[in-house]
Amino acid sequence: MRMKSIKLIITFVTILSLESNLASAQKQDVTSSQISEWVSFLASDKMMGRRNGSAEMKVAAGWIAERYQEMGLKPVNLTVGFIQDYTYTARQNEVNERNVIGFIEGSDPVLKNEYIVLSAHFDHIGIKRGAAPDSIYNGADDNAAGTSALIGIAKSIKDSGLKPGRSIIFAAFSGEESGMRGSRNFLKNSPVQVSKIYADLNFEMLGHSEYLGKNKYYMTGCLLSNLDDLIGEYNKSTGFELVDTIQLANMLFNSSDNVAFSRITTTNGITKGIPSGTFATTTMAQHVHNVSDEVSLFDFDNMAGLVNHFGDLVLWLSNSRERILWT
């Protein structure tokens with residue numbers, strides 16, 4: 001009788017193990033080859049450096065909208081679709097540009113009315129006239145990488161089969177290189193109530209691992225809110241690390257689209273906004289706004305791991321009951 005019970009227990013444990021392995025096998029992580037394909041398209045010579053106002057930027061926006069649709073995102077505004085057009089003036093010239101906005105509706109009856117914005121800019125600075133042998137600022141890390149991370153996070157969430165608690169907005173911005181034009185326009189003409197935005201997680205320069213090492217990233221503005229503390233708690237159960245000792249991180253807080261979210265109103269000298277930060281793996285100035293910012297330098301395996309990690313992190317954060325507060 002005892003031997004029979006032991007056999008039953010072993011059989012039960014074996015079944016549980018097989019079910020667990022099957023579930024793991026069915027989970028489709030975003031792969032390095034997929035991310036390589038996305039980054040390579042956006043940072044190809046054919047995209048001519050993705051200068052704001054160019055025909056290539058219009059192509060890029062359409063391509064991002066197609067990827068959003070593939071990943072199951074929905075337009076926030078069904079009438080307009082994924083494209084949010086806007087115009088700004090630069091050097092006395094009118095520039096017509098567009099953001100690409102999609103979202104996943106939350107599932108929690110209460111939290112679904114709050115929004116996590118995931119953002120990245122897809123513009124760059126174009127061509128260096130007369131330069132040889134390479135005149136195209138391909139902008140692979142700055143910021144085809146962040147844009148591809150948005151697409152990858154959307155895919156990671158879709159493939160998980162899980163529904164976020166809060167609604168998640170995916171915002172690919174143009175105009176960053178011209179003074180955060182796209183993110184500022186998004187907030188000025190927000191498709192959702194701005195006061196309901198829980199946080200902005202902005203992504204830039206995720207293609208390199210040689211600066212921090214594998215499975216590591218930093219966030220700008222760690223001293224400014226408790227967002228990094230929440231992420232640090234989450235990371236304790238993962239193999240990933242948010243590095244909070246980067247000296248440039250607080251200065252770089254003002255250098256990307258996250259800053260538009262942090263500075264919405266100013267009253268009596270006090271600025272108020274949405275807690276935000278930019279997530280990156282490098283501050284390598286030798287590649288920023290340089291023709292050397294190429295796809296060939298990427299560690300795509302590391303980037304794929306980060307993208308899947310961010311997908312899990314965002315799902316967790318979408319269900320968090322903790323408030324993100326300025327410190």
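**Figure 1. Glu-66, Arg-67 and Glu-70 form a network of salt bridges.** A salt bridge is counted where a side-chain nitrogen of Lys or Arg lies within 4 Å of a carboxyl oxygen of Asp or Glu. Under this criterion the total is 13 salt bridges. The model is predicted, so that local features require pLDDT of at least 70 and side-chain atom pairs are counted only at pLDDT 80 or more, while totals for chains, interfaces and linings use all residues. Residues are numbered from 1 along each chain as its sequence is written, and side-chain values use heavy atoms, with hydrogens and water left out.

**Figure 2. A salt bridge joins Arg-323 and Glu-114.** The closest N and O atoms of this pair are 3.2 Å apart. Arg-323 belongs to the segment after α9, and Glu-114 to the loop between β2 (93-104) and β3 (115-121), so the pair ties together parts that are 209 residues apart in sequence. Helices (DSSP runs of H or I, at least four residues) and strands (DSSP runs of E, at least two) are numbered from the N terminus. Residues are termed buried under 20% relative accessible area, exposed over 50% and partly exposed in between, with a 1.4 Å probe and protein chains only. Arg-323 is partly exposed, at a relative accessible area of 42%, whereas Glu-114 is buried, at 16%.

**Figure 3. Two further salt bridges are those of Lys-236 with Glu-233 and of Asp-159 with Lys-158.** The N to O distance between the side chains of Lys-236 and Glu-233 is 2.9 Å. Lys-236 is exposed, with 64% relative accessible area, and Glu-233 is partly exposed, with 48% relative accessibility. For Asp-159 and Lys-158 the closest N and O atoms are 4.0 Å apart. Lys-158 is partly exposed, its relative accessibility being 44%.

**Figure 4. Helix α2 (residues 32-42) has buried residues Ile-35, Trp-38, Val-39 and Leu-42.** These residues cover an arc of only 95 degrees around the axis, which puts them on the same side of α2. The arc is that of the directions from the helix axis to the C-beta atoms. The exposed residues Ser-33 and Glu-37 are carried on the face of α2 turned away from its buried side. Packing partners of the buried residues of α2 are α3 (55-70), α4 and α9, a contact being heavy atoms within 4.5 Å.

**Figure 5. The peptide bond between Asp-142 and Asn-143 is cis.** Its omega is about 5 degrees. Asn-143 is placed in helix α4, which comprises residues 140-160. Most residues other than glycine have a negative phi, and most peptide bonds are trans.

**Figure 6. Met-205 and His-289 are non-glycine residues with positive phi.** The phi of Met-205 is near 45 degrees, and this residue is found in the loop between β5 (197-203) and β6 (216-219). Met-205 is buried, with a relative accessible area of 13%. The phi of His-289 is near 55 degrees, and its loop runs between β10 (276-280) and α9 (300-318). His-289 is partly exposed, with a relative accessible area of 36%.

**Figure 7. Leu-223, Leu-224 and Trp-326 make a nonpolar surface patch of about 290 Å².** Patches are made of residues with over 30% relative accessible area and no salt bridge; like charges are joined within 9 Å and nonpolar side chains (Val, Leu, Ile, Met, Phe, Trp, Tyr) within 5 Å. Leu-223 is situated in the loop between β6 and α6 (227-235) and is exposed, at 63% relative accessibility. The protein chain exposes about 15,700 Å², of which carbon and sulfur atoms supply 52%. Accessible areas come from the Shrake-Rupley method with a 1.4 Å probe, and for residues only the protein chains shown count as cover.

**Figure 8. The protein chain, shown for context, contains nine helices and 10 strands.** Along its principal axes the C-alpha trace spans about 90 × 50 × 45 Å. Buried residues make up 51% of the 327 residues. Among contacts with a separation of 6 or more, 80% are between residues 24 or more positions apart.
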